[in-house]
Amino acid sequence: MTIVPLHDNILATRVESEARTASGLHLPESAVRGKLNHLRVVAVGPGVRSSKGLITEMSVRPGETILIGNYVGSEIEVNGERCIFIKMGDVLAVLDAHADE
């Protein structure tokens, strides 16, 4: 099944957090819990229509990693994979993949 978000909705999946350090130490769940707010964008809607009839373009693109707040969105299951629907206004930041380099 293919899902195409409408308006300013975003379909995303949670980014799995690494439970081990580079040296192989196991991290407790409390140490990686904050990573649950990192999402990978799967699909985006066209944007929201203004009162003048113009569509405000979305600020994120499929494939980007975003940061959201706690208790945001609606979780669904698509083709056996857990996904989350959120609004563009709930996105706090787009994470730069090159920031760790």
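Helices (H or I, at least four residues) and strands (E, at least two) are DSSP runs, numbered from the N terminus. The model is predicted: local features need pLDDT of at least 70, side-chain atom pairs count only at pLDDT 80 or more, and totals for chains, interfaces and linings use all residues. Residues are numbered from 1 along each chain as its sequence is written, and side-chain values use heavy atoms, with hydrogens and water left out.

**View 1. Glu75 in strand S6.** Strand S6 spans residues 74-78 and includes Glu75. Glu75 counts as partly exposed because its relative accessibility is 41% (buried means under 20% relative accessible area, exposed over 50%, partly exposed in between; 1.4 Å probe, protein chains only).

**View 2. Side-chain partners of Glu75.** Leaving aside residues up to four places away in sequence, Glu75 touches Arg14, Arg82, Cys83 and Ile84 (contact means heavy atoms within 4.5 Å). The Glu75 side chain has a polar contact of 3.2 Å with that of Arg14 and one of 2.4 Å with that of Arg82. A polar contact is a pair of N or O atoms within 3.5 Å; within protein, one must be able to donate a hydrogen and the other to accept it, and residues adjacent in sequence count only if both atoms are side-chain atoms.

**View 3. Asn37 in a loop.** Asn37 sits between helix H1 (29-32) and strand S2 (38-44). Asn37 counts as buried because its relative accessibility is 17%. Beyond residues up to four places away in sequence, Asn37 touches residues including Arg14, Ile66 and Asn70. The side chains of Asn37 and Asn70 make a polar contact of 2.7 Å.
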